[in-house]
Amino acid sequence: DMDFMYPRMLPMAGQLHKIYNALEESFDKYEWGKQFMDNLRVIENFLSGRELRCRLIETCITIPAEKRLFESHPTVHVDWRWEFLSKAVDCLIQRLSTLQKRFDGAKILATSAGGLKSSAVTSLDALLKSQEAMLCQ
């Protein structure tokens, strides 16, 4: 029976909104905060494509435990709303170190028929080669 929780727990959701709103405002004031969210979106954009994940597994990853990380990926929404942000960070950050070690954009784009054209691959490749990926760790 959850009747006893309803009136007492109502302020908790309000407190979570305040915390996340403060986090959003503080991140928006600094360039690195905006870059952090953009970096999360680049990673999610790549991982949300099944074909791209399959290509990553085929061409760049040989260790079975690392392959399992990318066999499935729940699509997450990268946004400041408190119900989305924690799920996105948990999901994306655990895959980042493997991406930094194994990702090779040139291998992924190369096919026998030419090249797989994808802005998701080139954006992630540029991110992982830059120091900005460190903002996600």
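Q: In what order do the elements of the protein chain run from the N terminus on?
A: This is a predicted model. Starting at the N terminus, the order is α-α-α-α-α-α-β-β-α.

Q: How many helices and strands is that?
A: The protein chain has seven helices and two strands.

Q: What share of the residues is buried?
A: Of the 137 residues in the protein chain, 35% are buried.

Q: Back inside. Which residues in the largest nonpolar core touch the most other members?
A: Ile 43, Phe 46, Leu 56, Leu 99, Phe 103 and Leu 124, out of 30 residues in that core.

Q: Which helices each supply at least two residues of this core?
A: Helix H1 (5–28), helix H2 (31–47), helix H3 (50–59), helix H5 (82–102) and helix H7 (119–129).

Q: What is Phe 46 in contact with, leaving aside neighbours within four places in sequence?
A: Phe 46 contacts Leu 52, Leu 56, Phe 103, Ile 108, Ala 120, Val 121 and Leu 124.

Q: Which residues are buried in H2?
A: Phe 46 is one of them.

Q: How far does H2 reach from its first C-alpha to its last?
A: It reaches 25 Å with 17 residues, close to the 24 Å expected at 1.5 Å a residue.

Q: New topic. Take contacts between residues at least 6 apart in sequence: what share joins residues at least 24 apart?
A: In the protein chain, 68% of those contacts do.

Note on methods:
Residues are numbered from 1 along each chain as its sequence is written. This is a predicted model: local features need pLDDT of at least 70, side-chain atom pairs count only at pLDDT 80 or more; totals for chains, interfaces and linings use all residues. Side-chain values use heavy atoms; hydrogens and water are left out. Helices (H or I, at least four residues) and strands (E, at least two) are DSSP runs, numbered from the N terminus. Buried means under 20% relative accessible area, exposed over 50%, partly exposed in between (1.4 Å probe, protein chains only). Contact means heavy atoms within 4.5 Å. A nonpolar core is a set of buried Ala, Val, Leu, Ile, Met, Phe, Trp, Tyr and Cys residues joined through side-chain atoms within 4.5 Å. The expected span of a helix is 1.5 Å times one less than its number of residues.
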